[in-house]
Amino acid sequence: MSRVSVDEARELWLHASDEELKELAQAARARFHEPNHATYMVMRIVNYTNVCVAQCDYCAFYVLPNQEGGYVLSREDVFAKIDDLLELGGDLVAFNGGFNPRLPLEFYCDLFAAVRERYGDRVEFYALTIAEFVYLADRAGLTHAEAAARLREAGVHWVTGGGSEILTEDFRRRHAKFKYTVREYLEAQRAIVEADLRTTATMVIGFDETLDERLEHLQRTRDLQDDLLRDGHDGLFSFLCWTYKPYGTAFGGREIPPQEYWRWIALSRIFLDNVRHVRTSVLTQNEDAFRALDYGADDFDLPLEDEVTQKAGATIELDLEALLAVPRELGYTVEYRRAERPAAQLA
Ligand code: SF4
C-alpha cells in the first residue's frame, strides 16, 4: 500500500464505507502485527496535583492556585497508589497533573528518583506529558534538552505525548491559549527523543475541531516520525487517540458516537504508516474501545484510575477479566505487554 496523502485521507473519511476503511486499516495493521492478536497493559494514572494555571476550556479537572479544592499528593499517597496497582497485577504508572506554579522541575525529579529507587524495574512510569514538560522547562529557565537530561538523571525512561489534543495553532488559540504552541510541543518532543527517552503520540477528538484540523494533526505526527526515524532515533512508540469527555467543562458539547471513533482509528492507522502501535482508549470508550481492534488498533490500556477524564464523565470498570473477555469474544488473543526500556539506555 503506498503512502496516503492528506487529500486522499480526506476522501476516504468523507466517502469510504466502514467496511472499506476497516479493510484498508487491517492491511496497514498487518504490516506490523499478526491479525487477531492484541496487546495490553494494566495501568494507573496518578494525578499528583489538580492545581493548574493553563485554564483549558475543555478541562473539568483543574482548580486555580488559591482556589478551594486544590491538592498535591504526598509521596506516601503516590506510593500507596503504586502499591495498589502492583497488587492488582498492573505495572505501569502515568503521572499527570496540572501546571502548578508551586511545584518546580526539581520536585518532580525528586519524586521520580524516589519511585525508581523504591520500585526499580517492577513498575515502569510515564513521568509527565509533553505539555507538563514544556511548562516545567520554561519555569526552570532550561532548554528542552537540559530539562530532558535532568529527567533522565532522575531515572525517567518515558515522557508521553499527552496534552497534544489537536495540534493546530488555531485550535490551541480557541481552547488552550495558555498551554503552549504546536511548535513548542513538537520541539520538546524531539528533545525528549534526542535525550534517549521514549515518547508517544496522542490525539483527542470530539471537540469542535474541523476535519482539516484533524488531518493536520496526523500530518504533523507523521512528519515528526519521518524526521526522527531518518535521524536514527527510536521515534514515537505509539499513537493513542481518545475522545473528549464534555461533562463539567466550560466548553461543554457532546460526545461523539463510537462509530466515528472507530473510523478515525482506521484512518489514523492507514495514514500513520510509520508508527507501529495504534492504541485504542478503554478509558474513554469502555467496551466500545475493543471494536477499534477491527479498525486497525493493536494495543490498549486497562486503567484503574484517571481523575482528569473521570471528572469529565469517564467511567472505569475494575473487573479486568470481564473487560478482557470482550476482545476475546471479538476473536482476538490478548497478551500482556510490559513497557519497553529505551534501547539507547540499555546499550
Ligand atoms: S487539560 Fe491539563 S493543562 Fe489544561 S487546564 Fe486541565 S490540567 Fe491544566
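Predicted model: local features only at pLDDT ≥ 70, side-chain atom pairs only at ≥ 80, totals over all residues.
Helices (H or I, at least four residues) and strands (E, at least two) are DSSP runs, numbered from the N terminus.

Residues are numbered from 1 along each chain as its sequence is written.

**Whole chain.** The C-alpha trace spans about 50 × 45 × 40 Å along its principal axes. A residue is called buried if 20 or more other C-beta atoms, placed from the backbone, lie within 10 Å of its own, exposed if 12 or fewer do, and partly exposed in between; by this count, 46% of the 347 residues are buried.

**Nonpolar core.** Select next Val-93, Ala-127, Val-159 and Ile-265, which have the most contacts inside the largest nonpolar core, a set of 99 residues. Such a core consists of buried Ala, Val, Leu, Ile, Met, Phe, Trp, Tyr and Cys residues joined through C-beta atoms within 7 Å. Helix H10 (residues 258–271) supplies the largest share of this core, with 8 residues. Around Ala-127, leaving aside neighbours within four places in sequence, the residues in contact (C-beta atoms, placed from the backbone, within 7 Å) are Phe-95, Phe-112, Leu-151, Val-156, Trp-158 and Val-159.

**Helix H5.** Move to residues 130–140, where 8 of the 11 residues of H5 are buried, so this helix is largely enclosed by the rest of the structure. The buried positions are Ile-130, Ala-131, Glu-132, Phe-133, Val-134, Tyr-135, Leu-136 and Ala-137. Showing H4, strand E3 (124–129), helix H6 (144–153), strand E4 (158–160) and helix H8 (182–194) brings up elements that are included in their cover. Just after H5, Gly-141 takes a positive phi of about 70°.

**Gly-97.** This residue lies in the loop between strand E2 (92–95) and helix H4 (105–119), and Gly-97 is buried, with 25 other C-beta atoms within 10 Å.

**Ligand shell.** Select Cys-52, Ala-54, Gln-55, Cys-56, Cys-59, Phe-61, Tyr-62, Gly-98, Phe-99, Ala-131, Ala-176 and Lys-179, the residues around the ligand, each with its C-beta atom, placed from the backbone, within 6 Å of it. This shell divides into 9 nonpolar, 2 polar and 1 charged, where Ala, Val, Leu, Ile, Met, Phe, Trp, Tyr, Cys and Pro count as nonpolar, Asp, Glu, Lys and Arg as charged, and the others, Gly among them, as polar.

**Strand E8.** Finish at residues 299–303, where 5 of the 5 residues of E8 are buried. Both faces are covered, with Asp-299, Asp-301 and Pro-303 on one side and Phe-300 and Leu-302 on the other. Strands pair if DSSP finds at least two bridges between them; E1 (residues 37–46) runs parallel to E8, joined by 5 bridges, with Thr-39 as the bridge partner of Asp-299. E7 (residues 277–280) also runs parallel to E8, joined by 2 bridges, and Thr-280 stands opposite Phe-300.

Definitions and conventions
Contact = placed C-beta atoms within 7 Å.
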